[in-house]
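Visitor: Can you walk me through this structure? Keep it quick.
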Amino acid sequence: MEKLFDIRPCGLEDIAAVRGLEGKVLDSLERPDQLRRNSEEMWRACLQSPHYCLGAWVGEELVAVVVLYVPAEDDGEALAPLLQSVEAKGLLTANFKICMVHLQWRGHGLQVTLGKELHEEARRRGIGLLCATASPHNEASIRSLKRLGYKADHTLTKYGFERTLFYYFN
């Protein structure tokens with residue numbers, strides 16, 4: 001059986017494909033608070049070290065993407081300091097920052113498949129705790145995070161919207 005998806009890291013050379021996918025995903029959402037649009041500056045950061053972006057391609061089309069975001073100590077994107085039910089002290093932490101799947105390719109388990117690959121990359125880097133947020137209305141993302149082993153911590157306002165903060169001990 002032929003492999004349907006080519007899963008590989010994305011770099012700066014893929015920024016047009018990543019931003020194109022983001023636009024398609026945002027346009028397909030019933031609720032605009034489920035995902036925020038990232039600036040070009042943020043995408044440029046996510047596509048370079050120390051961060052890691054992984055994409056699923058079908059031919060030349062990017063159909064899904066995830067980002068491992070490794071915040072600096074003073075980075076306002078850091079989620080671990082916001083945790084209330086667990087202690088992150090002494091652990092190297094990162095964010096499972098973004099997961100987007102093109103509407104046409106949903107239902108193939110790409111969030112979980114890419115999430116597992118992201119966890120492996122985090123393990124190779126010695127990252128012991130991953131955090132993620134999801135809109136309380138984004139049932140698909142919450143189901144995928146739970147399938148990956150994430151636990152809900154609490155609800156907060158982040159990125160201008162209500163979000164549930166999740167954590168995962170890697």
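This is a predicted model: local features need pLDDT of at least 70, side-chain atom pairs count only at pLDDT 80 or more; totals for chains, interfaces and linings use all residues.

Visitor: What does lysine 97 pair with?
Guide: Glutamate 77, with the closest N and O atoms 2.6 Å apart. Lysine 97 sits in strand β4 (residues 93-101) and glutamate 77 in the loop between β3 (61-69) and β4, so the pair ties together parts 20 residues apart in sequence. Strands here are DSSP runs (E, at least two residues), as are helices (H or I, at least four), numbered from the N terminus.

Visitor: Are lysine 97 and glutamate 77 buried or exposed?
Guide: Both are buried. Buried means under 20% relative accessible area, exposed over 50%, and partly exposed in between (1.4 Å probe, protein chains only).

Visitor: Which residues form a salt-bridge network?
Guide: Asp6, Arg8 and Asp14, through shared partners. Aspartate 6 and arginine 8 come to 3.5 Å between their closest N and O atoms. Arginine 8 also meets aspartate 14, at 4.0 Å from N to O.

Visitor: And how accessible is aspartate 14?
Guide: Aspartate 14 is buried, at 8% relative accessible area. Aspartate 6 is partly exposed at 35%, and arginine 8 is partly exposed at 30%.

Visitor: New topic. How many residues are in the largest nonpolar core?
Guide: It has 29 residues, and those with the most contacts inside it are Leu68, Phe96, Leu110, Leu130 and Tyr150. A core here is a set of buried Ala, Val, Leu, Ile, Met, Phe, Trp, Tyr and Cys residues joined through side-chain atoms within 4.5 Å.

Visitor: Which element gives the largest share of this core?
Guide: α3, with 5 residues. Among the other elements supplying at least two residues each are β2 (52-58), β5 (129-134) and β7 (161-169).

Visitor: What does tyrosine 150 touch?
Guide: Not counting residues up to four places away in sequence, tyrosine 150 touches Phe96, His119 and Leu130, among others.

Visitor: What is in the second core?
Guide: That separate core has 17 residues, including Val25, Leu47, Cys53 and Trp57.

Visitor: Last one, α4. Which residues are buried there?
Guide: Ser141, Ile142, Ser144 and Leu145. They fall within an arc of 160° seen down the axis of α4, so they line one face of the helix. The arc is taken from the directions from the helix axis to the C-beta atoms.

Visitor: What do they pack against?
Guide: β4, α3, β5 and β7. On the other side of α4, Glu139, Arg143, Lys146 and Arg147 are exposed.

Visitor: And what follows α4?
Guide: Glycine 149, with a positive phi near 100°.

Notes
Residues are numbered from 1 along each chain as its sequence is written. Side-chain values use heavy atoms; hydrogens and water are left out. A salt bridge is a side-chain nitrogen of Lys or Arg within 4 Å of a carboxyl oxygen of Asp or Glu. Contact means heavy atoms within 4.5 Å.
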